[in-house]
Amino acid sequence: MALPTLQAALGGLADAAELLELDGRVVYVNPAFERLTGHDAGGLVGRHISDVHEAVSVERAAASWSGRVDAKSSSGGALAFDGSYSVVSGDDGAPRWVLGLLRDVTRQLHEERALRQSEELYRQIFHSNQAIKLLVDPSTGLIEDANLAACDFYGYTPEELRGLHIDRINTLPRERLDQALLVARQSGSRTFRFQHRRKSGELREVEVFTGGVEVGGRYLLLSIVHDVTERVRAEAQLARAQRMDSLGRLAGGVAHDFNNLLFVVLGEARIVLRGLPEDDPLRAEVERIRDAATRASELTRHLLLFARGGDVTPEPSDVHKTLRGVASLVSSTLGHDVRLSIEAPAGVRPVAYIATAQLEQALVNLIINAREAMPHGGRIVARLRVVSDPDVEHQRLRPGDYAELEIVDDGVGMPKEIVAHVFEPFFTTKGPEHGTGLGLAITYGIVHRAGGAISVESEVGVGTTFRVWLPLLDGLVPDDTPRGDAGSTGSGERAVRAPTIASLT
Ligand SMILES: Nc1ncnc2c1ncn2[C@@H]1O[C@H](COP(=O)(O)OP(=O)(O)OP(=O)(O)O)[C@@H](O)[C@H]1O
Ligand SMILES: [Mg+2]
């Protein structure tokens, strides 16, 4: 082929073209080449092409090589081409030139690199982080991606989480969930409070911050999830403590005034009775007034006790001894079908700073409640042990040694809705004739004033466990009760031995 014909053909191409001697020296470059590389033809002709890019050998050109060609522009910038080479024969039919056609792919390359970098950045931000993150498609509600922290938190594998509908983890009813998604989608960024379910079924309170992100041309929601379960529980605990406190004050105020009125009623009833002859038919009525007023006055005394804790001064009280005393006191009233047993380590006697009468009252309330929860009989276990730095759910206790008292029954138990209210004054399920609903409120007040805590666990049909913690005075004092227990040394050591089980029926 003649050179001018070739040049004319290459001149109009949009792609760069280079015509080289078989040894790589430049014969001709087209205007597109000049434009794309910045090198001008005049300066380039006669020079070796390796000044612009690595030369492609004749052998490869003869085999129609094509591939990436990295070149340098006249200003030193990096350029990338898709090159395809061939050998052009001269008029005599013998190989004469090497022809390279070069398509500029510099832009695509930059874009690919930028994409790779942003993907890398996304992976780093999304995955390598402690924060729980989910990427959700708001139009379908499906989880597109989840980081490892999210997998740990929810208990699913990454594969399980991807493609899962968020209604599997969010406890909202479907239509409210769809509304929330819509809100999140429309408002760009937003914070929600939800309840999320782990794979195990456990529920957690979460705060979810969502923001819109564009991924691969799609609008998705990036959710960052904070587990706020502990905070929510602590807040609820605080609110309850405050409510109990104000209820206590209120009850105290009412009880005080009420007691004064009752005093008048009782006094007047007595005077009337005294003035009535023995056989007066009105006597029975007035006696009933007197008895009702006496009961009412007893009730207000309880109320005052709840409100102020009575005017009893605390003293060092032997928890074990008090428990035994209460047990023998109530055992006769429990009935033949209820067994009460005490389990306590031998050899130690935890001493708490609390009025013995109050501790007795707290224990009686718990045991009587247990009894009343067992209409067909059963077993009550009062378990006493000494624990250090107890970790009571959502109640702050000063570190130290505590007497831990468990009153366990296998009675009817309570559903969650009832458990939530048992410590409130006047909360009763027993009807006005049978319960005042003050027993546990008083117990709660007594325990808290002694610097302790009380908790309850219950399951319907299985039974109930009340736990009371009382801070101990300077550890423990030696057990001086004579006992045939060979392991008892009577020294004040803190060794906790096998429990002694005393059974009182
Ligand atoms: N061991 C228990 N098992 C099942 N339910 C219980 C138990 N202890 C308390 N309860 C529930 O808690 C409620 C409140 O108890 P609380 O002792 O405060 O009042 P009460 O027993 O109803 O009345 P009161 O003790 O003033 O006579 C009870 O009515 C009962 O529903
Ligand atoms: Mg009670």
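This is a predicted model: local features need pLDDT of at least 70, side-chain atom pairs count only at pLDDT 80 or more; totals for chains, interfaces and linings use all residues.
Biologist: What makes strand E1 and strand E5 a pair, and in which sense do they run?

Modeller: Two strands pair if there are at least two bridges between them; six bridges join E1 (residues 16-21) to E5 (residues 95-104), so the two count as paired, and they run antiparallel. Among the facing residues, Ala 16 stands opposite Leu 102 in E5, and Glu 21 stands opposite Trp 97 in E5.

Biologist: How do you know that E1 also pairs with E2?

Modeller: The requirement is at least two bridges, and E1 and E2 have three, in the antiparallel sense, so they are paired as well. Leu 20 has Val 26 as its bridge partner in E2. The two strands form a hairpin with four residues between them, and in the turn Gly 24 has a positive phi of about 105°.

Biologist: Why are strand E2 and strand E3 called edge strands?

Modeller: The sheet is an open one of five strands in the order E2-E1-E5-E4-E3, with antiparallel pairing. Strand E2 (26-29) and strand E3 (66-72) each pair on one side only, and they are therefore its edge strands. From one strand to the next, the twist averages 30°.

Biologist: What makes you say that E1 is mostly covered?

Modeller: A residue is buried if 20 or more other C-beta atoms lie within 10 Å of its own; five of the six residues of E1 are buried, so the strand is described as mostly covered.

Biologist: How do you know that the span of helix H12 is close to the expected one?

Modeller: The expected span is 1.5 Å times one less than the number of residues. H12 has 17 residues, for which 24 Å is expected, and it reaches 24 Å from its first C-alpha to its last, so its span is close to expectation. Its buried residues include Leu 359, Leu 363, Asn 365 and Arg 371.

Biologist: Which residues of the shell around ligand 1 are closest, and which elements give two or more residues to that shell?

Modeller: Of the 22 residues that surround ligand 1, the closest are Ala 373, Thr 428, Gly 435, Gly 439 and Leu 440. Helix H12 (356-372) and helix H14 (439-449) are the elements that give two or more residues.

Biologist: How do the residues of that shell divide by class?

Modeller: The shell around ligand 1 divides into 10 nonpolar, 10 polar and two charged residues; Gly counts as polar in this scheme.

How values were computed:
Residues are numbered from 1 along each chain as its sequence is written. Chains are lettered from A and ligands numbered from 1 in the order in which they are written. A residue is near a molecule or strand if its C-beta atom, placed from the backbone, lies within 6 Å of it. Axes are lines fitted to C-alpha atoms, for helices over the stretch in contact, and angles run from 0 to 180 degrees between N-to-C directions. A residue is buried if 20 or more other C-beta atoms lie within 10 Å of its own, exposed if 12 or fewer, and partly exposed in between; C-beta atoms are placed from the backbone.
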